[in-house]
Amino acid sequence: MSVRELVVLGTASQVPTRHRNHNGYLLRWDGEGILFDPGEGTQRQMLRAGVAAHDLNRICVTHFHGDHSLGLAGVIQRINLDKVPHPVTAHYPRSGQRFFDRLRYATAYRETVDIEQMPVGEDGVLADTGGYTLEAARLSHPVESYGYRLVEPDGRRMLPERLAAHGIKGPDVGRIQRDGVLGGVSLEEVSEIRRGQRFAFVMDTRLCDGVYALADGCDMLVIESTFLEKDIELAVEHGHLTAGQAARVARDCGVRHLVLTHFSQRYTEPDEFERQARAAGFEGELTVAHDLLRVPVPKRR
């Protein structure tokens with residue numbers, strides 16, 4: 001049975017707090033695991049959340065600020081210590097290659113696993129697995145930053161009433177799905193397009209074209225909301241979003257489930273993020289993330 005869920009490992013911005021670890025997010029997508037922005041302490045948070053190194057197939061780093069990348073050293077060494085039996089691919093801004101190299105080889109250890117380095121230097125498709133494409137788009141932050149987007153190909157949904165009208169049943173349903181035609185009846189006549197699911201991960205950024213491109217039509221959008229509206233000037237100055245800005249992006253882009261995260265330590269009342277997001281007009285599913293939370297990806301439309 002396929003599982004599609006977000007496992008939140010950490011939700012703090014800049015520094016960890018008593019209740020929030022540095023960033024870290026695992027997307028379970030069927031049989032794969034994609035780890036986003038492993039900040040300091042991610043390896044321990046994985047242990048607490050029941051996430052093993054064997055669960056990781058990709059690591060995606062948005063940018064090389066410490067709260068988004070200091071955990072790379074421990075995670076990569078754990079992948080090698082546990083002798084993960086499959087290759088692991090790492091994506092990160094090409095301009096930060098020196099930081100990735102330093103973190104990958106921060107201390108001595110025995111390399112047992114192939115870590116394939118695929119740095120990002122421009123917008124576009126990074127990988128096409130057949131089950132999904134992984135895309136990146138440039139964001140607006142004081143250091144080079146990219147957001148990521150996973151898109152499942154569209155499929156087809158069989159329509160029982162049309163199948164029955166053409167007398168198609170039992171094994172013949174599978175045959176027309178495989179072959180595209182059966183006894184002069186085309187697949188299009190007995191099915192409809194089933195839209196593939198879309199997931200986006202948007203961290204440290206001001207509002208920019210990349211934010212909207214990543215969020216467009218997403219079933220789940222994980223997005224930073226470092227500041228509340230009263231501190232919008234600080235958000236612009238430091239290259240961040242407010243809860244209201246993030247919610248307006250989700251509203252305008254037709255997002256189904258909005259996950260707010262990456263909160264400044266200056267705030268102690270998480271409910272205010274939800275209030276400001278709702279006040280901005282977002283009416284879909286809304287989660288204000290906390291550490292070790294599991295959030296299912298919405299079912300297909």
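This is a predicted model: local features need pLDDT of at least 70, side-chain atom pairs count only at pLDDT 80 or more; totals for chains, interfaces and linings use all residues.
UniProt positions are given in the numbering used here, and its annotations may be inferred rather than shown by experiment. With that in mind, the unreviewed UniProt entry lists residues 20–107 and 181–263 for "domain: Metallo-beta-lactamase".

**Annotated stretches**

- Over residues 181–263, the chain is 30% helix and 28% strand, with 53 Å between the end C-alpha atoms.

**Packing of H3 against H4**

- Helix H3, formed by residues 72–81, packs against helix H4, formed by residues 97–104, at an angle of about 55 degrees, and their axes are 8 Å apart.
- Because of this angle, H3 is oblique to H4, and the crossing of the two helices is right-handed.
- The contact is made by Leu72, Ala73 and Ile76 on the H3 side and by Phe100, Leu103 and Arg104 on the H4 side.
- Sorted by class, the residues in this contact of H3 with H4 are 5 nonpolar, no polar and 1 charged.

**Packing of H9 against H10**

- Helix H9, spanning residues 243–253, and helix H10, spanning residues 271–279, pack at an angle of about 45 degrees, with 8 Å between their axes.
- H9 is therefore oblique to H10, and H9 passes H10 in a right-handed crossing.
- From H9, the contact involves Ala243, Gly244 and Ala247, whereas H10 contributes Phe273, Gln276 and Ala277.
- By class, the contact of H9 with H10 has 4 nonpolar, 2 polar and no charged residues.

- The buried residues of H9 are Ala243, Gly244, Gln245, Ala246, Ala247, Val249, Ala250 and Cys253.
- These buried residues pack against helix H7 (209–215), strand S15 (220–224), helix H8 (232–238), strand S16 (257–261) and H10.
- Just after H9, Gly254 adopts a positive phi of about 70 degrees.

- Gln14, a residue other than glycine, has a positive phi near 65 degrees, and Gln14 is found in the loop between strand S1 (4–10) and strand S2 (24–29).
- Gln14 counts as exposed, because its relative accessibility is 59% and the cut-off for exposed is over 50%.
- Asp37 is likewise not a glycine and has a positive phi of about 45 degrees, and Asp37 lies in the loop between strand S3 (32–36) and helix H1 (42–49).
- With a relative accessible area of 0%, Asp37 is buried.

**Gly66**

- Gly66 is found in helix H2, which covers residues 66–69, and at 28% relative accessibility Gly66 counts as partly exposed.
- Leaving aside residues up to four places away in sequence, Gly66 touches His22, Gly39 and Glu40.
- Gly66 and Pro171 are separated by 105 residues in sequence and by 55 Å in space, taken from C-alpha to C-alpha.

Terms used
Residues are numbered from 1 along each chain as its sequence is written. Side-chain values use heavy atoms; hydrogens and water are left out. Helices (H or I, at least four residues) and strands (E, at least two) are DSSP runs, numbered from the N terminus. Axes are lines fitted to C-alpha atoms, for helices over the stretch in contact, and angles run from 0 to 180 degrees between N-to-C directions. Angles under 35 degrees count as roughly parallel, over 145 as roughly antiparallel, 65 to 115 as roughly perpendicular and the rest as oblique. A crossing is left-handed if the near helix is turned anticlockwise from the far one by less than a right angle, and right-handed if clockwise. Contact means heavy atoms within 4.5 Å. Ala, Val, Leu, Ile, Met, Phe, Trp, Tyr, Cys and Pro count as nonpolar, Asp, Glu, Lys and Arg as charged, and the others, Gly among them, as polar. Buried means under 20% relative accessible area, exposed over 50%, partly exposed in between (1.4 Å probe, protein chains only).
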